[in-house]
Amino acid sequence: MKRYMIGIDLGGTNIKAGIYDTDFIAVKERSIPTEAAKGPAHVLGRIREAVRLITDEANIPLDLVEGMGIGVPGLLDPVAGISFFSPNFPDWEHVHVVDEMKKFYDFPTFIDNDVRVNLYGEWQQGAGRGYNNLVLITLGTGLGSGIVNDGKVIYGTSYSAGEIGHMNMYRNGRPCKCGSSGCLGRYVSAIGMVNTFKEKLKEGRTSIIQTWTKGQDEQITALMISEAYELGDALSVEVMQETGAILGFGLANVVNILNPDLIIVGGGMAAAGDKLLQPVRETVHQHALKLSSRKCKIVQAELGSRAGTIGAASYAYNKLQDAGKLNFA
């Protein structure tokens, strides 16, 4: 009899849920509001509601579910199953996610950081299939990352390895919430690119975007910059290329240190495609060690917004497989 895996991508606005068969083909995927402002207990209840909805709609009883993975943003201990802190979640401190799920389900639950969960998805079911040394970069409001080295995901002493977004690029650069300044993610992210654009406007530069926003700079978005790029807007082209070059310098360091086969770029900004990735590739080629850079491909992610749920299910599958507890037929 078929068995199934559940993947949950916990976001500040929405909870994405998916149930997958043994080949990780989606049986049912859906999204529900997180309602994060109502507190941790309510959010955990919303996760259970998402599980109820996808299993009911797929007509799959819970006793056919092998396990569940949950991607949680922020700091956590995946071994203990505790989320210490998660941004955009009020009063979210030392939440025992796994223990809470044990009260309701007989199948095991596993948690990991949301970016590492995306890494599992792209590595095992997306652009990274077949590679043993790869890096995933997610470009959204910030820059997240995860690393696979010699076929193993790197966690580090406090489960926080791979924070490429906090690589210091400028000694006296933009302040970062981490307490440092000049971090890569302050420049290479949706917010970072918009800030670069606004800085150039303050210097007296002009753009078609100013007509779109009627001079309201706070309305400028990364998507607008990408759309204006397509129209040949000189400032948008410059900012996109500059952002790609900065990412390229950061990734040149990553290539030199880790010597990966593959770097996958995902997240909302990855939709810009070669507008962003071409200057990245050119900069890495020019500044990374030649042998390492020739061996490394830089590609766009395949799974898009589905990477979180597929990755969470894949992560849980791996944990069960490593423990010898899979019951798949």
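This is a guided tour of a predicted model, moving from one selection to the next.

**Stop 1: helix α3**

Select residues 114–125, which form helix α3. This helix has 12 residues, and the distance from its first C-alpha to its last is 16 Å, close to the 16 Å expected at 1.5 Å a residue. Is α3 enclosed by the rest of the structure or left open? Of its 12 residues, 9 are buried, so the helix is largely enclosed by the rest of the structure. Among the buried residues are Val115, Leu119, Tyr120 and Trp123.

Asn118 has a relative accessible area of 17% and is buried, because buried means under 20%. Which residues does Asn118 touch, not counting those up to four places away in sequence? They are Leu136, Ala307 and Gly308.

**Stop 2**

Select Asn133, in the loop between α3 and β9. Asn133 is buried, with a relative accessible area of 15%. Display its side chain together with the backbone of Asp150: a polar atom of the Asn133 side chain lies 2.8 Å from the backbone nitrogen of Asp150. Not counting residues up to four places away in sequence, Asn133 touches Val148, Asn149, Asp150, Asn259, Pro260, Asp261 and Leu262.

**Stop 3: the largest nonpolar core**

How many residues does the largest nonpolar core have? It has 41, and those with the most contacts inside it are Ile137, Leu139, Val188, Phe197, Leu247, Leu251 and Ile263. Select these residues together. Several elements each supply at least two residues of this core, including the strands β9 (134–139), β10 (143–149) and β12 (262–266), and the helices α4 (190–202) and α8 (274–287). Helix α7 gives the most to this core, with 9 residues.

Keep Ile263 selected and display its surroundings. Leaving aside neighbours within four places in sequence, Ile263 is in contact with Val135, Ile137, Leu251, Val255, Cys296, Lys297, Ile298 and Val299. A second, separate core has 33 residues, and Ile8, Leu10, Ile47 and Ile60 are included in it.

**Stop 4**

Select residues 234–258 to show α7. Its 25 residues should span 36 Å at 1.5 Å a residue, and its end C-alpha atoms are 35 Å apart, which agrees.

Within α7, select Gly244. Is this residue buried or exposed? Gly244 counts as buried, at 0% relative accessibility. Apart from its neighbours within four places in sequence, Gly244 is in contact with Leu276, Pro279 and Val280. Draw a distance between the C-alpha atoms of Gly244 and Val188: the two residues are 56 residues apart along the chain, and these atoms are separated by 7.6 Å.

**Stop 5: Ile220**

Select Ile220, in the loop between α5 (209–212) and α6. At 6% relative accessibility, Ile220 counts as buried. Its contacts, leaving aside neighbours within four places in sequence, are Val194, Phe197, Lys198, Leu201, Ile209, Thr213 and Ile225. One of these, Phe197, was selected at Stop 3 among the residues with the most contacts inside the largest nonpolar core. A distance drawn from the C-alpha atom of Ile220 to that of Gly308 reads 27 Å, for a pair 88 residues apart along the chain.

**Stop 6: the second largest pocket and α10**

Select Tyr120, Tyr155, Tyr315, Lys319 and Asp322. Of the 13 residues that line the second largest pocket, these are the closest to its centre. The pocket holds about 210 Å³ of space. Which elements give two or more residues to its lining? They are α3, β11 (152–153) and α10 (307–322). Helix α10 gives the most, with 4 residues.

Just after α10, Gly324 takes a positive phi of about 65 degrees.

Note on methods:
Residues are numbered from 1 along each chain as its sequence is written. This is a predicted model: local features need pLDDT of at least 70, side-chain atom pairs count only at pLDDT 80 or more; totals for chains, interfaces and linings use all residues. Side-chain values use heavy atoms; hydrogens and water are left out. The expected span of a helix is 1.5 Å times one less than its number of residues. Buried means under 20% relative accessible area, exposed over 50%, partly exposed in between (1.4 Å probe, protein chains only). Contact means heavy atoms within 4.5 Å. A nonpolar core is a set of buried Ala, Val, Leu, Ile, Met, Phe, Trp, Tyr and Cys residues joined through side-chain atoms within 4.5 Å. On a 1 Å grid over the protein atoms alone, a cavity is a set of points where a 1.4 Å probe fits but cannot get out, and a pocket is an open set with protein on both sides within 12 Å along at least five of seven lines; lining residues have an atom within 4 Å of a point. Grid points are joined across faces, edges and corners, and a volume is the space filled by probe spheres set on the points. A polar contact is a pair of N or O atoms within 3.5 Å; within protein, one must be able to donate a hydrogen and the other to accept it, and residues adjacent in sequence count only if both atoms are side-chain atoms.
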